[in-house]
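Subject: Handover of a structure and notes on its contents

Dear colleague,

Please find below the sequence and structure that I am passing on to you. My notes on what was found follow directly after them.

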Amino acid sequence: MESKLGREPANLRRAERLVRQAAAEGAHLVCLPEAFLTSGNILEVADVAVPIPGDATDRLCALAAEEGVHIVAGLLERGEDGAYYSTSVLVDRTGALRGTYRRVHRHELESRYLAGGTAYPTFDLDIGRIGLMQGYDVNFPEVTREYLRRGVDVVVCSALVPDMFTYVADMRLPVRAVDGECVLAFASGIGNNLYAGFGYMGRSQILADPLFLESERFDFEDGDERMLVLTEGEGVGVVEVDLDRMRRYREKATLRRDLEPGTYWQSFPDATTPAPGPATASSQT
């Protein structure tokens, strides 16, 4: 989806049209990009951010109930604490606002304007257990590993990734599906940020753990873990996945049982610790 700066009513109408199209094609869970209402206008976040709940989520709730679909959408949020967040909301097919995810990870520039979340919520819907993340989170395997620990079936990543990072993001997406042993729905914005002078990568896609797909499909080939990729312009793509079969597969073939959490992050320095100097070798008894 393309969202234009300063065109919130038009962006909302465009999103509604795409959601209706996805529902007509049989989708049960529909995913919209990060900051779909305003585009990535963080320089003016104080002017464009919206409260949650508020008018924007009310429209999404009404749309979800009318079309009978679950909707995940990214918004720039004005928090009750006075801070601003890049937030994903989850609305279920009854029209209820089930909850939010405030993006945890932010790059240096964003952190001047956006606060970060601190939690990875999960939501049990009639189709399965859902986890949420956002574009920059793709760089951090800890997010999908946390959702693996919580037994999530589908991770929805609303995204608005600058096009200069297309290669790296595209490389990391299938790895995140492997990390989480899950389906990953990556709903990405397109268009241009006129203030910043760059475009957005697009390439919305739906991926699954290739180890699961290899066990399911006799004709599986490397690369088929990208079950859908939208390469040009706005569009809708629908993929059907048997989540019951995926859960049964994970019961007998999962890396979760082999994790060693007691060994991780034992000596990770905090942000204030200076980087170590040149390495030296020594032996002690």
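**A buried tyrosine and its partner**

Y249 is buried, since its relative accessible area is 12%; buried means under 20% relative accessible area, exposed over 50%, and partly exposed in between, with a 1.4 Å probe and protein chains only. The model is a predicted one, in which local features need pLDDT of at least 70 and side-chain atom pairs count only at pLDDT 80 or more, while totals for chains, interfaces and linings use all residues. Residues are numbered from 1 along each chain as its sequence is written, and side-chain values use heavy atoms, with hydrogens and water left out.

F212 is likewise counted as buried, at 3% relative accessibility. F212 and Y249 form a tilted aromatic pair, with 5.7 Å from centre to centre and 55° between the planes. For such pairs, ring centres of Phe, Tyr and Trp (its six-membered ring) lie within 6.5 Å; planes under 30 degrees apart count as stacked, over 60 as edge-to-face and the rest as tilted. This pair links distant parts of the chain, as F212 belongs to helix α6 (residues 210-216) and Y249 to helix α7 (residues 243-252), 37 residues apart. Helices (H or I, at least four residues) and strands (E, at least two) are DSSP runs, numbered from the N terminus.

V241 also touches F212, along with V183 and M227, not counting residues up to four places away in sequence; contact here means heavy atoms within 4.5 Å. V241 is found in the loop between β12 and α7 and is partly exposed, with a relative accessible area of 23%. Between V241 and M227 there are 9.7 Å from C-alpha to C-alpha, and they are 14 residues apart in sequence.

**The six-stranded sheet**

An open sheet with mixed pairing is formed by 6 strands in the order β5-β6-β7-β8-β11-β12; two strands pair if DSSP finds at least two bridges between them. Its edge strands, each pairing on one side only, are β5 (122-125) and β12 (226-229). On average, neighbouring strands of this sheet are turned by 20° against each other, direction ignored. Axes are lines fitted to C-alpha atoms, for helices over the stretch in contact, and angles run from 0 to 180 degrees between N-to-C directions.

β5 pairs with strand β6 (residues 128-134) in the antiparallel sense over 4 bridges, and the bridge partner of T122 in β6 is G131. Helix α4 (residues 141-149) packs on the sheet, where it touches β5, β6 and β7 (154-159), and its direction makes about 165° with that of β6. Helix α5 (residues 166-180) packs on the sheet as well, touching β8 (183-188), β11 (205-208) and β12, with its direction at about 40° to that of β11.

**Further aromatic pairs**

The count of aromatic pairs comes to 5. One of them is edge-to-face: Y120 and Y147, 6.0 Å centre to centre and 85° between the planes. Y120 lies in the loop between β4 (97-102) and β5, and Y147 in helix α4, so the pair ties together parts that are 27 residues apart in sequence. Both Y120 and Y147 are buried.

**Nonpolar cores**

Which residues touch the most other members of the largest nonpolar core? They are L132, V156, L184 and F186, in a core of 41 residues. A nonpolar core is a set of buried Ala, Val, Leu, Ile, Met, Phe, Trp, Tyr and Cys residues joined through side-chain atoms within 4.5 Å. β7 gives the most to this core, with 5 residues. Apart from this core lies another, of 26 residues, including L32, L63, V69 and L75.

Strand β2 (residues 70-78) is mostly covered, with 8 of its 9 residues buried. β2 pairs with strand β1 (residues 29-31) in the parallel sense over 3 bridges, and L29 stands opposite H70 of β2. β2 and strand β3 (residues 84-91) run antiparallel and are joined by 8 bridges; V72 has L90 in β3 as its bridge partner. In the hairpin of β2 and β3, with 5 residues between the strands, G82 takes a positive phi near 85°.

With kind regards
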